Amino acid sequence: MQSMGTGDTAPRLILWLCLGFLILGVGFVQCGVTYDRKALLINGQRRILFSGSIHYPRSTPDMWEGLIQKAKDGGVDVIETYVFWNLHEPSPGKYDFDGRNDLVRFVKTIHKAGLYAHLRIGPYVCAEWNFGGFPVWLKYVPGISFRTDEVTD
């Protein structure tokens, strides 16, 4: 029986996402991050970061800037979001990063607001999301099982 994390589909998607960020030139902030047993140190400054979730496909791209700004105005330093595998690979090898699925645009909008992004790259999405974020086509992969307590070596 093939367990959900052992195939090559999820790693392919993660690799594709990482390459997409590099190719599309998302401006990642370079900074020194360490920890001194009390707090994170970002560029030598002790920081306690406050995070808030905004799931990009649950709103339109035109709404993102306003939502992110409201979060920032409320004291948030980090915008957290899942990366929704079922949206980005609706069928095997077919990827969608347009419209509400434009993760690169979402991250750039976060960066433009001066905030950090925390991407929760699954594969499982625990956010009242259909099929836990797994693409439905996975059900038809022979021998696959989801969320079992089976221990494999």
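Tutor: Let's settle one word before anything else: two residues are in contact, or touch, when they have heavy atoms within 4.5 Å of each other. What you're looking at is a predicted model, so local features need pLDDT of at least 70 and side-chain atom pairs count only at pLDDT 80 or more, while totals for chains, interfaces and linings use all residues. Residues are numbered from 1 along each chain as its sequence is written, and side-chain values use heavy atoms, with hydrogens and water left out.

Start at Ile68. Leaving out residues up to four places away in sequence, Ile68 touches Ile54, Ile79, Phe106, Thr109, Ile110, Ala113 and Leu115. Buried means under 20% relative accessible area, exposed means over 50%, and partly exposed is in between (1.4 Å probe, protein chains only). A nonpolar core is a set of buried Ala, Val, Leu, Ile, Met, Phe, Trp, Tyr and Cys residues joined through side-chain atoms within 4.5 Å. The largest such core has 20 residues, and Ile68 is one of the four that touch the most other members, along with Tyr56, Ile79 and Phe106. At least two residues of this core come from each of α2, β6 and α4; helices (H or I, at least four residues) and strands (E, at least two) are DSSP runs, numbered from the N terminus. With four residues, α4 gives the core its largest share. Off on its own is a second, separate core of five residues, including Phe134, Trp137, Leu138 and Ile144.

Now follow α4 along. This helix covers residues 103-112, and its buried residues are Leu103, Val104, Phe106, Val107, Thr109 and Ile110. After α4 comes Gly114, with a positive phi near 80°.

In one of them, the side chains of Lys112 and Glu65 meet with N to O at 3.7 Å. Because Lys112 is in helix α4 and Glu65 in helix α2, this pair ties together parts that are 47 residues apart in sequence. Lys112 itself is exposed, at 62% relative accessible area.

Glu80 pairs with Arg120, their closest N and O atoms being 3.6 Å apart. This one links distant parts of the chain, Glu80 in strand β6 and Arg120 in strand β7, 40 residues apart. Glu80 is buried at 6% relative accessibility, whereas Arg120 is partly exposed at 36%.

Asp77 is a charged residue worth a look, since its relative accessible area of 17% makes it buried. Its side chain meets that of Arg47 in a salt bridge, 3.1 Å from N to O. The two partners are 30 residues apart, with Arg47 in strand β4. Arg47 counts as partly exposed, at 24% relative accessibility. In general, side chains of opposite charge can pair when their charged atoms come close. Setting aside neighbours within four places in sequence, Asp77 is in contact with Arg47, Ile48, Leu49, Phe50, Leu115 and Tyr116. Leu115 also turns up among the residues that Ile68 touches, which brings us back to where we began.

For contrast, a few spots in loops. Asn43, in the loop between β3 (40-42) and β4 (45-47), is exposed at 55% relative accessibility. Asn43 touches Cys31 and Gly32, not counting residues up to four places away in sequence. The C-alpha atoms of Asn43 and Val33 are 6.4 Å apart, though 10 residues separate the two along the chain.

Then there's the loop between β7 (116-121) and β8 (144-145), which holds Glu128. Most residues other than glycine have a negative phi, but Glu128 has a positive one, near 45°. Glu128 is exposed at 77% relative accessibility. Phe131 lies in the loop between β7 and β8 as well, and its phi is positive too, near 60°. Phe131 is partly exposed, with a relative accessible area of 35%.

Key
A salt bridge is a side-chain nitrogen of Lys or Arg within 4 Å of a carboxyl oxygen of Asp or Glu.
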